Amino acid sequence: MGAVTPLAIFKRTPGTNCGQCGRPTCLAFSVAVSTTGADPAGCPYIDLAGLDLGAAVIAGEDPSRERDLALVAHLQEKISDLDFAAIAGVLGAVWEGGAPEVLIFSYLGQAARLAKTGIFIDGVAPEDPRDAILLYNYVHSGGGRPPDHTWVGMESLPNSISKVRTLATYCEQRLARLFAGKTPATIMALGQPLEARPGSGTASVELIVPVLPMVPQYVLFWDEEPADGFEARVKILFDQHVLDFLDIESLLFAAERMAERFECISVAR
Ligand code: SF4
């Protein structure tokens with residue numbers, strides 16, 4: 001098999017994560033069917049009517065989304081044995097017992113509820129699987145040294161040379177364009193929904209944004225000075241221990257998401 005995508009299988013399951021197929025989630029089951037040839041009949045509820053299991057990948061489905069969904073399923077399996085109650089504190093989360101048990105924490109000013117079978121952000125399942133990847137990676141880290149507010153640039157983190165430009169493109173330059181010409185009060189107000197607090201220094205505006213409870217990001221903004229030929233500039237700093245909580249790819253995505261949140265808040269005003 002392997003020609004039908006995980007998403008095509010997943011759409012035919014009820015999405016109830018009942019576990020009767022021996023997998024923790026419908027997504028994990030779908031990935032197993034698609035990639036390892038597991039028997040789709042392992043789910044008693046699946047609707048296979050009209051599905052050609054030998055068909056080519058269904059047209060119109062995004063391969064990168066398929067990869068991301070497979071990674072979400074992989075991470076769900078990796079965290080399936082974690083003791084949520086034990087790690088909640090070090091992640092800055094609140095543990096809620098029950099079936100399923102849940103970790104509750106803030107994600108860019110939104111309420112994330114993370115279970116081993118799925119995630120809700122402000123009550124809605126995230127449309128983009130990269131949010132789930134980011135949050136599952138955070139939980140999978142199991143935590144580490146808490147932030148001590150010793151701030152470093154991306155270039156100071158290990159194995160980050162190729163990431164500096166990505167951070168500039170997807171976060172720093174976007175925020176510089178957004179903030180340019182705005183008053184410090186206006187920029188601070190944009191940070192309020194993100195629970196940002198002011199930093200202290202000599203830049204035009206400095207904000208500390210708690211992207212995740214243990215992953216603050218420090219935003220330094222210098223406004224444009226056309227008379228001197230200076231363009232607006234943003235520099236993002238991270239706590240020196242940030243890689244105890246996120247891998248570098250997830251950290252980049254967290255910075256990108258922060259920029260998007262600022263843009264959305266600005267448009268909504
Ligand atoms: S048996 Fe079906 S519904 Fe239940 S978790 Fe597995 S795929 Fe989902």
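1. Asp122 is exposed, with 11 other C-beta atoms within 10 Å. The model discussed here is a predicted one. In it, Asp122 occupies the loop that runs between β4 (118-121) and α5 (129-141). Its phi is positive, about 50°, although the residue is not a glycine. Most residues other than glycine have a negative phi.

2. A second residue with a positive phi is Asn159, at about 55°, and this residue is likewise not a glycine. Asn159 belongs to the loop between β5 (151-153) and α6 (163-179). Asn159 counts as exposed because 9 C-beta neighbours lie inside 10 Å, and the limit for an exposed residue is 12 or fewer.

3. The backbone also deserves a check at Pro100. The peptide bond leading from Ala99 to Pro100 is cis, and its omega is near 5°. Pro100 is placed in the loop between β1 (94-96) and β2 (102-107). In general, most peptide bonds are trans.

4. On the overall layout, the chain is divided into three parts: domain 1 (6-78), domain 2 (84-141) and domain 3 (151-268). Between the C-alpha centres of domain 1 and domain 2 the separation is 22 Å. The contact between these two domains involves eleven residues of domain 1 and ten residues of domain 2. On the domain 1 side that touches domain 2, the residues comprise five nonpolar, three polar and three charged.

5. The ligand has 14 residues around it, and those that come nearest are Cys18, Cys21, Cys26, Phe29 and Cys43. By residue class, the shell around the ligand consists of eight nonpolar, five polar and one charged.

6. The backbone points are the cis bond from Ala99 to Pro100, the positive phi of Asp122 and the positive phi of Asn159.

Notes
Residues numbered from 1 in each chain as written. Predicted model: local features only at pLDDT ≥ 70, side-chain atom pairs only at ≥ 80, totals over all residues. Domains from an automatic or database assignment. Contact = placed C-beta atoms within 7 Å. Nonpolar A, V, L, I, M, F, W, Y, C, P; charged D, E, K, R; others polar. Near = placed C-beta within 6 Å. Helix = DSSP H or I, 4+ residues; strand = E, 2+ residues; numbered from the N terminus. Buried ≥ 20, exposed ≤ 12 C-beta atoms within 10 Å, placed from the backbone.
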